[in-house]
Amino acid sequence: MRNQSRNRLACVMAAEHLLEPWSVARRFIRYGPQPGAQPTPIVFVVIFALTMSAVFAAMGAVVRWPMGGPPALVFLKAFFLLSAAVSAATLALSRVERRGASHVAVLMCPLVVLFLPCLAWLMGRTAEFVVDPVLIVLFVAGILHVVTAGRRMPVGRTLPVFGCGVLAGLGYFLLVNAQGYTNVLSPEQALVGTSNLDTLFHASIANMLVKHGELSTGLDGFVPLKYHFLSHIWLGCVGLWLGTDTLTAYFVGAQVVAIPMLFFSLSLGTHALRPAGQGLNGGALVVLFPLLLLVLTEITGPTSYLVSESYFLAIIIYLLALPSLAEISRTGRGRRLGLLAACLAVATILMGLSKVSVGAVFAVPFAYLLLRQWCRTLLTFLKLMLSLLFVAALAGVIIFRGLGGTAQMLAPLSFARDYPDMAWLHVASNAVLVLGAIAVWCVGTSSERKSAEAFALIAVTATMPALILSTAGGAAYYFVNVGTFAAIVFVSAYGGPWLYGLAPKLFRPEPIVVAILLVTLGTDQKTGSPFAFADEFAELQLRARGYLGDGPSPNPVAWRRVRTLLIPGGAGRRALASDVKRLARGQSIQRLSEAGVTRTPGAAVFIPPDLAVYWSAYRDCRAASLVVPAVLGVPMVRGFNPECSKDPNYGFSAYASDAVSQPSSDSELCERVATWGLKAIFVLASSVRVRKIACGQ
């Protein structure tokens with residue numbers, strides 16, 4: 001009976017934490033703010049994140065409007081999703097600071113809100129009647145909270161908040177869309193032939209998951225793929241909820257929701273890592289100082305966290321989890337520690353399902369801190385720690401081999417030699433984290449020492465794979481950069497107050513803003529992003545004109561190309577959208593859609609090898625194979641490009657050698673798709689003619 005009572009009490013406590021933002025929102029809307037309540041630094045963070053998201057949404061709507069959508073309502077709903085997630089975290093944090101509650105609510109509540117669109121996967125369009133009211137309630141509660149707090153802030157402190165958010169939104173909008181991955185031009189790039197292979201690869205996986213329940217790229221039925229998949233499910237579900245295609249959902253969800261949420265989580269982690277009153281005191285500093293450290297790590301290296309969907313979702317969860325990780329060091333054995341452990345275990349699994357590297361790095365300090373708190377003697381701790389290391393090493397080997405790792409990948413310092421611009425700044429950041437942890441350990445309290453040990457472990461765990469493994473395309477970045485984010489949070493939370501005490505006149509928002517601008521102006525990738533983005537649009541114009549023999553030519557003046565791309569109602573963008581529909585590949589996709597391929601259960605598409613107008617003229621011939629799964633969400637049969645050799649990466653090696661498009665009879669095609677339960681094949685006989693094969697009849 002006693003155990004049953006304890007279990008019921010634990011369940012009630014967990015439910016209270018998960019329902020916290022809704023109860024706080026209800027009380028806030030009904031009674032207003034508590035008398036005498038003072039604005040906390042997190043209010044500045046909220047305004048910054050919402051402004052940044054609004055700018056992303058406005059810029060995306062402006063660029064896409066002449067090109068046929070999506071409608072403004074799509075961007076508005078995405079903004080509501082971000083706002084509701086931010087409000088959930090903020091309202092939960094207010095309870096933590098007011099009552100000393102656990103940080104698990106700050107971790108779990110925004111994650112629950114972010115994944116609410118996945119109800120559309122289970123309930124279809126009726127999910128809007130559940131999801132939308134919840135988002136609106138949280139949005140209203142969050143806005144009331146911010147407005148009330150803003151009234152108690154001087155105008156001189158409020159206006160710069162919006163200015164910083166607008167500048168960050170404009171700058172990062174240009175930077176994200178200039179990197180050649182998923183961007184606001186992706187629907188046209190997929191049809192013209194300039195789309196990045198990664199963009200179509202991830203969109204294909206998302207479509208196969210949410211529309212067919214299969215983890216596959218869909219190039220020859222549903223051949224299984226070994227890959228992390230949480231971000232694909234999330235963005236695919238966002239597309240279902242928004243009522244858009246997956247390619248559109250990828251850039252809307254990433255830019256309006258995920259990237260502002262990442263910056264919010266970075267500042268939230270900095271603010272909440274230490275108990276209230278011990279960290280950075282000013283809201284502007286909580287945003288600007290971590291941002292300054294972040295841009296310093298990007299002077300020569302890439303900003304892949306902005307364009308890798310799987311990575312930025314994992315990093316959002318990771319940053320939200322860091323305060324709860326530090327809380328373990330302040331929590332004694334008991335139910336609260338058990339609740340913390342359970343929620344962090346769920347977060348670790350979610351990180352791993354989104355990006356294996358992030359989950360693996362976080363799991364080590366998480367397990368270490370739990371053992372530190374649970375073990376009563378040093379001998380017990382050492383025994384369990386050795387057992388844990390053995391299990392972790394075994395699991396690492398199994399995962400490494402399961403993901404295709406080989407002994408040839410063990411090549412010390414190859415990452416630093418092959419990608420020095422990408423490697424050394426992040427290795428140095430992790431070294432700074434270790435030094436900072438040592439400093440805190442020397443002067444801190446018992447709980448601060450444990451927290452410092454955990455962050456030092458993060459640095460070591462993140463750096464070691466980057467130093468000893470040779471990974472394709474510099475993938476070791478996704479290990480070492482995890483430590484970089486931890487270094488930013490830890491140094492900001494502990495080093496920021498020390499710097500403020502050392503030089504209070506210099507450690508102020510104004511000098512930090514100047515420093516951020518100077519670093520940004522000294523970073524070629526960022527200063528050149530408007531022109532790189534405009535060049536992508538110009539390439540689309542040039543290719544469309546070359547294929548059709550007519551159409552507008554790109555403006556030879558760089559700044560005029562930027563204006564053509566960004567001005568509202570641009571005639572150049574409207575003309576490009578019209579030209580794309582006239583292209584052979586655009587007509588092919590349109591005819592398949594009109595033939596009912598997306599409305600026919602168990603349908604697949606076959607494109608004969610002699611249809612050169614479809615297969616040829618793609619900048620990356622491998623990407624041409626993924627256009628139908630990515631754009632229409634329908635699997636192919638023998639869907640590999642016959643004009644391109646099959647790449648061993650991207651899961652392509654799992655497909656049979658005869659998965660390349662080749663002359664095939666109707667019976668051969670039906671026999672091939674029968675394995676996957678597909679019953680109808682749409683054959684693209686020409687760019688304007690589609691023939692349907694009904695298998696099994």
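Analyst: Contacts (heavy atoms within 4.5 Å) between residues 24 or more positions apart make up 78% of the contacts in the protein with a separation of 6 or more. This is a predicted model, in which local features need pLDDT of at least 70 and side-chain atom pairs count only at pLDDT 80 or more, while totals for chains, interfaces and linings use all residues. Residues are numbered from 1 along each chain as its sequence is written, and side-chain values use heavy atoms, with hydrogens and water left out.

The secondary structure comprises 30 helices and 3 strands, taken as DSSP runs numbered from the N terminus, with helices (H or I) of at least four residues and strands (E) of at least two. Strand S2 spans residues 680–686, and since 5 of its 7 residues are buried, S2 is largely enclosed by the rest of the structure; buried here means under 20% relative accessible area, exposed over 50%, and partly exposed in between, with a 1.4 Å probe and protein chains only.

Strands are taken to pair if DSSP finds at least two bridges between them. S1 (residues 603–606) runs parallel to S2 and is joined to S2 by 4 bridges, with Val 605 having Phe 682 as its bridge partner in S2. S3 (residues 689–694) runs antiparallel to S2, and 6 bridges join these two strands; within this pairing, Ala 680 stands opposite Ala 694 in S3. S2 and S3 form a hairpin, with 2 residues between them.

Turning to the wider packing, a nonpolar core is a set of buried Ala, Val, Leu, Ile, Met, Phe, Trp, Tyr and Cys residues joined through side-chain atoms within 4.5 Å. The largest such core has 216 residues, of which Tyr 172, Phe 263, Tyr 305, Tyr 318 and Phe 485 touch the most other members. Helix H12 (residues 246–272) gives the most to this core, with 16 residues. A second, separate core has 13 residues, including Met 208, Phe 222, Leu 678 and Val 683.

When neighbours within four places in sequence are left aside, the residues in contact with Tyr 172 include Met 52, Phe 56, Phe 263, Leu 291, Tyr 305 and Lys 526. For the protein as a whole, 56% of the 697 residues count as buried.
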